[in-house]
Amino acid sequence: ASTALRGAEGEADVAWSAFTVAVEHTLPLPAAWFGGVGLGAGLFGLDARGRARADFSGQSERLWCGAAFAQLSLGHALNGWLRLRATATGGTTAPRPVLRFDGREVASLGRGYASLGLALELSWPEPEPDPGSW
């Protein structure tokens, strides 16, 4: 994700990235439905490129923090090769990354954070098994 920050001191283009891994326990649901609860951890990176106005100096900065989260997902198989999944995630970051303009806090990433996601999942149809083969 990316955004632009503006202040009296200048402006900065900011992008953040997440690199995560999670384990999920599948929930017992009726046929065609699927879901799970999971726990995960990862790294969040915040990249900022500043452009300063007169009397200030711009700089680039990269901040990293750890993240821990829990997630819940629920989905439905639309047919044999297409599924729709919704995911809710909530977690915390440490240490809290903070961007500053001339010592003034202008943006930060979390302590706590939450996200909602919606995804279409595609898969290749599996061939029907041959009854004469193992």
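At 71% relative accessibility, G80 counts as exposed, where exposed means over 50% relative accessible area, buried means under 20% and partly exposed lies in between (1.4 Å probe, protein chains only). The residue sits in the loop between strand 4 and strand 5; strands here are DSSP runs of E with at least two residues, numbered from the N terminus. G80 and F19 lie 61 residues apart in sequence, and their C-alpha atoms are 30 Å apart in space. All of this comes from a predicted model, in which local features need pLDDT of at least 70 and side-chain atom pairs count only at pLDDT 80 or more, while totals for chains, interfaces and linings use all residues. Residues are numbered from 1 along each chain as its sequence is written, and side-chain values use heavy atoms, with hydrogens and water left out.

Turning to the sheet, six strands make up an open arrangement in the order 1-2-3-4-5-8, with antiparallel pairing; two strands pair if DSSP finds at least two bridges between them. Strand 1 (2-7) and strand 8 (112-122) are at the edges with a single partner strand each, so one side of each is left without a neighbour in the sheet. From one strand to the next, the twist averages 30°, taken between axes that are lines fitted to C-alpha atoms, with angles running from 0 to 180 degrees between N-to-C directions.

Strand 1 pairs with strand 2 (residues 10-26) in the antiparallel sense over six bridges, and a hairpin of two residues joins strand 1 to strand 2. On that side, G7 has G10 in strand 2 as its bridge partner.

Rolling a probe the size of a water molecule over the atoms shows where empty space is left. The largest pocket has a volume of about 330 Å³. In this search, on a 1 Å grid over the protein atoms alone, a pocket is an open set of points where a 1.4 Å probe fits, with protein on both sides within 12 Å along at least five of seven lines, and lining residues have an atom within 4 Å of a point. Grid points are joined across faces, edges and corners, and a volume is the space filled by probe spheres set on the points. Of the 18 residues lining the largest pocket, S57, Q59, R100, F101 and D102 are the closest to its centre. Two or more lining residues come from each of strand 2, strand 3 (33-52), strand 4 (60-77) and strand 6 (98-101), and strand 3 gives the most, with four. By class, the lining has six nonpolar, six polar and six charged residues; Ala, Val, Leu, Ile, Met, Phe, Trp, Tyr, Cys and Pro count as nonpolar, Asp, Glu, Lys and Arg as charged, and the others, Gly among them, as polar.

The second largest pocket holds about 200 Å³ of space. Its lining has 13 residues, of which W16, F44, T89, Y113 and S115 are the closest to the centre. Strand 2, strand 4 and strand 8 each supply at least two residues of this lining, with strand 8 giving the most, at five. The class count is eight nonpolar, five polar and no charged residues.

Rings of Phe, Tyr and Trp (its six-membered ring) pair if their centres lie within 6.5 Å; planes under 30 degrees apart count as stacked, over 60 as edge-to-face and the rest as tilted. The ring centres of W16 and F44 are 5.5 Å apart and the planes stand at 55°, so this pair is tilted. The two residues, W16 in strand 2 and F44 in strand 3, are 28 residues apart, and their pair links distant parts of the chain. F44 counts as buried at 6% relative accessibility, whereas W16 counts as partly exposed at 35%. Ring pairs link W16, F44 and Y113 into a cluster.

Finally, the backbone. Most residues other than glycine have a negative phi, and most peptide bonds are trans. A32 has a positive phi of about 80° although it is not a glycine. A32 belongs to the loop between strand 2 and strand 3 and counts as partly exposed at 37% relative accessibility. The peptide bond from A94 to P95 is cis, with omega near -15°, and P95 lies in the loop between strand 5 and strand 6.
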